There are 2 protein chains.
Amino acid sequence: MFEILFLHLLKKVSLSHEEQDIIKSFFIVKKLRKRQYLLQAGDVCKYLCFVEKGLLRSYNVDDKGIEHMNMFAWEGWWTSDMYSFFTGEKAVINIDAIEDTELLMITMEGFEKMTLIVPKMDRYFRILFQNSLITKERRLISSITHTAEEKYTNLVESNPTLVQRVPQNLIASYLGLAPETLSRIKKNIALRK
Amino acid sequence: MFEILFLHLLKKVSLSHEEQDIIKSFFIVKKLRKRQYLLQAGDVCKYLCFVEKGLLRSYNVDDKGIEHMNMFAWEGWWTSDMYSFFTGEKAVINIDAIEDTELLMITMEGFEKMTLIVPKMDRYFRILFQNSLITKERRLISSITHTAEEKYTNLVESNPTLVQRVPQNLIASYLGLAPETLSRIKKNIALRK
DNA sequence: AAACACACTTGATCCAGATCAAGTGACATT
DNA sequence: AATGTCACTTGATCTGGATCAAGTGTGTTT
């Protein structure tokens, strides 16, 4: 159950067996069925979640009821509404399962304790957040700078698996496009070949 | 020279005088004149920089030569091309000074050593990156979800100082808008009052 | 096999914001 | 005082992508 988690932790920091056991003790295992919610906007996000198996989507819904995809999380990814998790304020995003999913979850209190007992976890999360920040930075630049087609081809290049695993309307939403637009873009790309 | 830095560090972690001295020893002081470059795209970003005084902008330039503002950094902010800094690859962004600026800079090797000698710095940067990530996440959602006017009013609310301190064309670029569009938006808002 | 749902496509029209092109007004330089 | 320059405004036009409204095709339920 903890295989993927430690695979990821050990890539970034070294941990004794004892430390590994301490870390394990802070996590709760949870399984989600396809379409089941992990978090609904308005609730407080109680857990930071690591995906051992499956696929989740996090998205927010605007005033007009339109869903805007935020990120996808599959094996080896962490997900939560970070803002809500760390501040205890109400979440603005929703998270639900696109596929049946197995999660490892930790509470904020657990997280705080864990980092104090095993300071290497501060290091792990420093590196993790650092990398996410780099990725987010690039995506932000891309969302402002590039055309719809460039955004799509960038995504396909940087994340080929995602495009295969996730329905096209969600990919469109992730890129900030109408589903029709993505459909036309794909057609144009195919025609040009 | 290190006042603002330690003000910020001590908000997030406690540090002995000894630790503070060690940290100081890793930093280089640098002054920049208005309009002077800190980093040009194509060079490797050698330093992670903390702004003690002044104001910097980081931006990238697209194929058509158009500048896209990425972020602003003033007193108490860190800046760099994180990707380039941590990987040693060529930078894609430019950083230059909007006002005369005083910086504290650390190299990647320095950063690595510092976190190993003073693990609390891992904690500091974990929290720093965590907060930046939350902010970036919000900005990304905003850039996809909101209209031009909503983006602007959001910025004014969340960052009133920035709007006063930075020329309007740079604000427009930061929001992904043409300068003319921002001008018209401001006019409309004023008219409605 | 008929009916339905789901994921995607195609076409016609519309609109927010970009682009191009002249202003305007407040300082700075000569 | 005239000239230049910088930051912004205003107007006219254009366009990428959204929106609305029918399809189509495949798999699933009855």
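User: What does "buried" mean when it is applied to a residue?

Analyst: Buried means under 20% relative accessible area. In this predicted model, Y124(A) has a relative accessible area of 1%, so Y124(A) is buried. F125(A), with a value of 0%, is buried as well.

User: How many aromatic pairs does the structure hold over all chains, and what describes such a pair?

Analyst: A pair of aromatic rings is described by two quantities, the distance of the centres and the angle of the planes. Over all chains, the structure holds 26 aromatic pairs. In one of them, the ring centres of Y124(A) and F125(A) are 5.0 Å apart; the planes stand at 80°, so this pair is edge-to-face.

User: Is the pair of W74(B) and W77(B) stacked, edge-to-face or tilted?

Analyst: The centres of these two rings lie 5.1 Å apart and the planes meet at 45°, so the pair is tilted. W74(B) counts as buried at 16% relative accessibility, whereas W77(B), at 35%, counts as partly exposed.

User: Which residues do ring pairs link into a cluster?

Analyst: The cluster consists of F27(A), F50(A), W78(A), F85(A), F86(A), F111(A), Y124(A), F125(A) and F129(A), linked by ring pairs. The edge-to-face pair of Y124(A) and F125(A) described above therefore involves two residues of this cluster.

User: Where does the charged end of R138(A) sit?

Analyst: The charged end of R138(A) is placed over the ring of Y83(B), 4.2 Å from the ring centre. For R138(B), the charged end sits over the ring of Y83(A), 4.2 Å from the centre of that ring.

How values were computed:
Residues numbered from 1 in each chain as written. Chains lettered and ligands numbered in written order. Predicted model: local features only at pLDDT ≥ 70, side-chain atom pairs only at ≥ 80, totals over all residues. Heavy atoms only, no water. Phe/Tyr/Trp six-rings, centres within 6.5 Å; stacked < 30°, edge-to-face > 60°. Buried < 20%, exposed > 50% of the residue type's maximum accessible area, 1.4 Å probe, protein only. Lys NZ or Arg CZ within 6 Å of the ring centre and 35° of its normal.
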